[in-house]
Amino acid sequence: MEIKIQSIHFDATEKLQAFIEKKVAKLEKSLDDIQKVEVQLKVVKPATAQNKEVSLSVTAPGANLFVEKISDTFEEAIDLSVDSMRVKLQKFKEKSRNY
């Protein structure tokens, strides 16, 4: 599984990148044949409380799944994104199993 992290208009710290890789790696438990995961980090202007946006895109055979979450911190947004992506992957897996 290839993990691509893109931070728009700022530089993500090593700690944040390691956190993202650790969380995203857990998605493989939901679906084995994930080819690529793209994570986009964006700070939304103006600087309000809920201004950290995370977009998570998963590419697997027969599916391109996308989740976008906004939160106070990138860590919290990553957690929310990974959780909702896990649900989407589970649904996709069940659908493909029925065919």
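**Charged side chains and salt bridges in a predicted model**

**View 1. Charge content and overall fold of the chain.** The chain carries 17 positive and 16 negative side chains, and the centres of these two sets lie 4 Å apart. The model shown is predicted, and its secondary structure comprises two helices and four strands, arranged along the sequence in the pattern β-α-β-β-β-α. With a radius of gyration of 14 Å, close to the 13 Å that the globule rule gives for 99 residues, the chain is therefore as compact as a globular protein of that length. Of the 99 residues, 30% count as buried, and the accessible surface comes to about 6,200 Å², of which 49% belongs to carbon and sulfur atoms.

**View 2. The salt bridge between Lys23 and Asp79.** Four salt bridges are present in the structure, and in the one between Lys23 and Asp79 the closest N and O atoms are 3.2 Å apart. This pair links distant parts of the chain, since Lys23 belongs to helix H1 (residues 14–25) and Asp79 to helix H2 (residues 74–98), 56 residues apart. Asp79 is partly exposed, at 29% relative accessibility.

**View 3. The salt bridge between Lys36 and Glu38.** Here the two side chains meet with an N to O distance of 3.2 Å. Lys36 is partly exposed, with a relative accessible area of 27%, and Glu38 likewise counts as partly exposed, at 28%.

**View 4. The salt bridge between Arg86 and Asp83.** The side chains of Arg86 and Asp83 meet at 3.5 Å, N to O, and both residues lie in helix H2, three residues apart, or about one turn of the helix. Arg86 is partly exposed at 29%, as is Asp83 at 41% relative accessibility.

Note on methods: Residues are numbered from 1 along each chain as its sequence is written. This is a predicted model: local features need pLDDT of at least 70, side-chain atom pairs count only at pLDDT 80 or more; totals for chains, interfaces and linings use all residues. Side-chain values use heavy atoms; hydrogens and water are left out. The radius of gyration is taken over C-alpha atoms; the globule rule is 2.2 Å times the number of residues to the power 0.38. Buried means under 20% relative accessible area, exposed over 50%, partly exposed in between (1.4 Å probe, protein chains only). Accessible areas come from the Shrake-Rupley method with a 1.4 Å probe; for residues, only the protein chains shown count as cover. Lys and Arg count as positive and Asp and Glu as negative; His and the chain ends are not counted. The place of a charge is taken as NZ of Lys, CZ of Arg, CG of Asp or CD of Glu.
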